[in-house]
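This report describes a protein model through its disulfides, aromatic pairs and selected helix positions. Please keep the sequence and the coordinates at hand while reading.

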Amino acid sequence: MRDYEEVSAFLGEWGRFQRLVFFLLSASIVPNGFNGMSAVFLAGTPAHRCAVPRGANLSGEWLNASIPLELRGGRAEPSRCRRYRLAALANFSALGLRPGSDVELGELEQEPCLDGWEYSRDVYRSTIVTEWNLVCEDDWKVPLTTSLFFVGVLIGSFISGQLSDRFGRKSILFSTMAVQTGFSFLQIFSTSWEMFTVLFLIVGMGQISNYVVAFILGTEILGKSVRIIFSTLGVCIFFAIGYMLLPLFAYFIRDWRMLLLALTVPGLFCVPLWWIIPESPRWLMSQGRYKEAEAIIRKAAKINGITAPAVIFDTAEMQDSKPQQQQKAILLDLFRTRNIATITIMSLLLWFFTSVGYFGLSLNTPNLHGNVYINCFLLAVVEVPSYVIAWLLLRFLPRRYSIAGTLFLGGGVVLFIQLVPTDYSALSVGLVMLGKFGITSAFSMLYVYNVELYPTLVRNMAVGATSTASRLGSIIAPYFVYLGAYDRILPYILMGSLTVLIGILTLFLPESYGNSLPESFEQMLKVKCFRNGQQTTGARNSKKSPKILVTPM
């Protein structure tokens, strides 16, 4: 039985059909960049202090002295969660006593913010934090909001892989787009933090699902020379474009409800793509639906201006392949043999720790020195060169060394931040950018690497499962940011150490460079683990005849 690449070879690599699929699928990822990091601004915490009611009968001096000072970042700043007991201050004010000279402030009794908080509007006009007072005793709800979004992402990662393997790439792609856009719109009308968070979880389910399925659909339709460009420069750069637009929208729209509306509208432009983007012929072939696959291939030939062969699938070929097409994959197939199980477990760990580093640095934007909008924009911009470097590494170098090297760079630089004096804040921000550059490069290469390791029957499931591990990392990433409120350096030490360790583990994975995508478990089994200093079969073949080359666009 011939595989899809052999059947569709007459179409060429970069015809009008391939360009259409490439750019439309990439463009469908732009809203993911909005939603993926929107919590940076939707859940931003502005400077705040206890509110003092107008009827407190305090003089101007006592009003200014009503908030105690506390050390924060080595400086004395007004407390965010405590104030001096107003009844006592009112008595001192009525007696004409002065704070500091007549009354020792350090000895006064304190109380919590019984009348709410005053929020600075220098950075945000309103966020969910100011809407529902998610500060002080309720500040734990802020990282939980982001974590529950990634819980939805985790559920979506797991479900989307199995659903698209069973029901097809296209139908699940557009269903999850609808979930992401529709529930983002419903969030605008949230009346409580609980309602917002539940809807945010569902948005997360749709957000990752359509990303993963669009990625798989593109890699299965496009040829070998374009596949790597699509996986790194295509999908990832369009995600970065959405990410870059986020701080621009947030800068001009500082009310969280209006910002959410502005970020939801672009999803509607994906609706017409249903009539343009095709189903994956490779998936149709794996399901024995040859007539539908042939129709798509012939339509692609027509779009490319190429005459299709009179016979694409002959009857004997379809009959011979019927037993294979009846196979149904389950999650346990990722652990079918010792070799496959080893690859799967190591891949799960790699995705988990890389995700902790990527999302930890991204969500830590508000804690960096300087303007939050500029910092977020720079963290998004730095992803573009990281994707270009990832593409070049995938084109010329083995996968394992490329991924491990970028992880060592990202993790090592982040670890170095602890040695930078607090006065050199610009240097610290620069190191964060460089660390984000390395980790992002590695993250973008993981998708390509994973696709090349698994056969068609479970490829989407494998990407979904490893992406699930990635989301477990993203779920705990907000709490790394939360730790920064107590110790500025601790998050960087943890993220840097974990990133370096997983870079070492990457060196023990099998090498897929130079191999065609496996179509069956038998072909996957030919890729052996790196053991006893000997290279894998795939790596030896790649030295003789590198089959995956990327041509300039």
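Does Cys-113 count as buried or exposed? At 10% relative accessibility, Cys-113 counts as buried, where buried means under 20% relative accessible area, exposed means over 50%, and partly exposed lies in between (1.4 Å probe, protein chains only).

## Basis of the model

This is a predicted model, in which local features need pLDDT of at least 70 and side-chain atom pairs count only at pLDDT 80 or more, whereas totals for chains, interfaces and linings use all residues. Residues are numbered from 1 along each chain as its sequence is written, and side-chain values use heavy atoms, with hydrogens and water left out.

## Overall fold

The protein chain has 24 helices and six strands, taken as DSSP runs numbered from the N terminus (helices: H or I, at least four residues; strands: E, at least two). Of its 553 residues, 56% count as buried. Among contacts with a separation of 6 or more, 81% are made by residues 24 or more positions apart, a contact being heavy atoms within 4.5 Å.

## Disulfides

The count comes to two disulfides, a disulfide being a pair of cysteine sulfur atoms within 2.5 Å. One of them joins Cys-50 to Cys-113, with an S to S distance of 1.8 Å, and its torsion about the S-S bond is about -60°, so the disulfide is left-handed. Because Cys-50 lies in strand S1 (residues 48-50) and Cys-113 in the loop between strand S5 (110-112) and strand S6 (117-119), the pair ties together parts that are 63 residues apart in sequence. Cys-50 is buried, with a relative accessible area of 1%.

A disulfide also joins Cys-81 to Cys-136, with an S to S distance of 2.1 Å; the torsion about the S-S bond is about -95°, so this disulfide is left-handed. Cys-81 lies in the loop between strand S3 (75-78) and strand S4 (82-84), and Cys-136 in the loop between helix H7 (128-132) and H8, so the pair ties together parts that are 55 residues apart in sequence. Cys-81 is partly exposed at 26% relative accessible area, whereas Cys-136 counts as buried at 13%. With bonded cysteines counted along the chain, the disulfides follow the pattern 1-3, 2-4.

## Aromatic pairs

There are 26 aromatic pairs, defined for rings of Phe, Tyr and Trp (its six-membered ring) whose centres lie within 6.5 Å, with planes under 30 degrees apart counted as stacked, over 60 as edge-to-face and the rest as tilted. In one of the pairs, the rings of Phe-41 and Tyr-373 have their centres 5.2 Å apart and their planes at 10°, so the pair is stacked. This pair links distant parts of the chain, since Phe-41 is in helix H4 (residues 39-42) and Tyr-373 in helix H17 (residues 372-381), 332 residues apart. Phe-41 counts as buried at 3% relative accessibility, and Tyr-373 counts as buried at 6%.

The rings of Tyr-479 and Tyr-482 have their centres 6.5 Å apart and their planes at 80°, so that pair is edge-to-face. Being three residues apart in helix H21 (residues 456-483), Tyr-479 and Tyr-482 are separated by about one helical turn. Tyr-479 is partly exposed at 34% relative accessibility, and Tyr-482 is partly exposed at 24%.

Helix H8 covers residues 141-167 and contains Thr-146, which counts as buried at 8% relative accessibility. Leaving aside neighbours within four places in sequence, Thr-146 is in contact with Ala-39, Leu-363 and Pro-478. The 27 residues of H8 should span 39 Å at 1.5 Å a residue, and the end C-alpha atoms are 37 Å apart, which agrees; the expected span is 1.5 Å times one less than the number of residues. After H8 comes Gly-168, whose phi is positive, near 110°.

In helix H21 lies Thr-468, which is buried with a relative accessible area of 12%. Leaving aside neighbours within four places in sequence, Thr-468 is in contact with Leu-154, Ser-157 and Phe-158. The C-alpha atoms of Thr-468 and Phe-352 are separated by 8.4 Å, while the two residues are 116 residues apart along the chain.
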